[in-house]
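Subject: Structure handover

Hello,

Please find the structure below. My notes on what was found in it follow.

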Amino acid sequence: MDFHGDYQAVYRLTGDKLLNSGSCHDFDHTLRVMKNAEMLLTYHPDADREIVMLAALLHDIARPEEDASKGKRCHAMLAYEMVPGILKDAGFPEHIARKVALAVKTHRFRGKNEPESLEADLVFDADKLDSLGAVGIGRAFLFAGHENARLHNTQSEALNSPAYSREDTAYREFLVKLRYLPRRMRSAAGRKIAVERAAFMTAFFEQLNLETGIAESNIQPEE
Ligand SMILES: [Fe+2]
Ligand SMILES: [Fe+2]
């Protein structure tokens, strides 16, 4: 890649830092988000590739700090503070570092900060696409397993139970959050792919309902 500074140094630093993160937000997740970003860039060639790829690489750099604080500190805000220093040390100019930091700051689903540039939109979408489709199903089960949740439950059990309980299944994550992701997407390409991947998840959970004898097939895919 044709970047201003030492991209490999930033890549190594990020890989080392996220090596022991939880499996839903480890370096593999970052690599998939970068792959999604590459794909979205092909639909949006007017976006600044260097900003998008650096922000995709660094977007979850502060996950370990958020985890260590048991969620009290927001990894997007922490990363926003850390990124300029990381990129300066790697020889990137300040104007690049500033744009990357802003895109990192606004990548979070729950964050109050909305993306304010095409580059930030693509980073947001690249991250959310990793929660959908076959990968999204895999990650939802990884998380549920980590929390010792059941393999599956009914819609009523899922929707009437709190997070981090035994009923906090992959199905609950899908019903509460993931099926609504397509409407949160920022770019046209991101939205189109998100709709397809959410429909795949709907089909998967309908099959799971069928196999487990749960008689409900009223899962509405997001349009
Ligand atoms: Fe994140
Ligand atoms: Fe992420």
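Helix axes here are lines fitted to C-alpha atoms over the stretch in contact, and angles run from 0 to 180 degrees between N-to-C directions. Helices (H or I, at least four residues) and strands (E, at least two) are DSSP runs, numbered from the N terminus. This is a predicted model, in which local features need pLDDT of at least 70 and side-chain atom pairs count only at pLDDT 80 or more, while totals for chains, interfaces and linings use all residues. Residues are numbered from 1 along each chain as its sequence is written, and chains are lettered from A and ligands numbered from 1 in the order in which they are written.

Overall layout

The protein chain has 11 helices and 0 strands. Its C-alpha trace spans about 60 × 35 × 25 Å along the principal axes. Of the 223 residues, 40% count as buried (20 or more other C-beta atoms within 10 Å of the residue's own; exposed means 12 or fewer, partly exposed in between; C-beta atoms are placed from the backbone). Of the contacts with a separation of 6 or more, 59% join residues 24 or more positions apart (a contact means C-beta atoms, placed from the backbone, within 7 Å).

Core and helix 3

The largest nonpolar core holds 54 residues, and Ala37 and Val100 have the most contacts inside it (a nonpolar core is a set of buried Ala, Val, Leu, Ile, Met, Phe, Trp, Tyr and Cys residues joined through C-beta atoms within 7 Å). Helices that each supply at least two residues of this core include helix 2 (27–43), helix 5 (75–89) and helix 6 (94–105). Helix 3 gives the largest share, 8 residues.

Helix 3 is mostly covered, with 8 of its 10 residues buried. These are Ile51, Val52, Met53, Leu54, Ala55, Ala56, Leu57 and Leu58. Their cover includes helix 1, helix 2, helix 5, helix 6 and helix 7.

Two helix pairs

Helix 1 (residues 7–18) packs against helix 3 at an angle of about 20 degrees, with the axes 10 Å apart. The two are therefore roughly parallel (angles under 35 degrees; over 145 is roughly antiparallel, 65 to 115 roughly perpendicular and the rest oblique). Val10, Tyr11 and Thr14 of helix 1 meet Leu54, Leu57 and Leu58 of helix 3. By class, this contact has 5 nonpolar residues, 1 polar and no charged (Ala, Val, Leu, Ile, Met, Phe, Trp, Tyr, Cys and Pro count as nonpolar, Asp, Glu, Lys and Arg as charged, and the others, Gly among them, as polar).

Helix 7 (residues 118–129) and helix 11 (residues 188–211) pack at about 10 degrees, with their axes 10 Å apart. This pair is roughly parallel. Asp125, Lys128 and Leu129 of helix 7 touch Gly190, Ile193, Ala194 and Arg197 of helix 11. The contact of helix 7 with helix 11 has 3 nonpolar, 1 polar and 3 charged residues.

Backbone points

Most residues other than glycine have a negative phi. Lys70, in the loop between helix 4 (63–68) and helix 5, has a positive phi of about 55 degrees. Lys70 is exposed, with 7 other C-beta atoms within 10 Å. Asn148 has a positive phi of about 65 degrees and sits in the loop between helix 8 and helix 9 (155–159). Asn148 is exposed, with 10 other C-beta atoms within 10 Å.

Regards

How values were computed:
Two residues are in contact if their C-beta atoms, placed from the backbone, lie within 7 Å.
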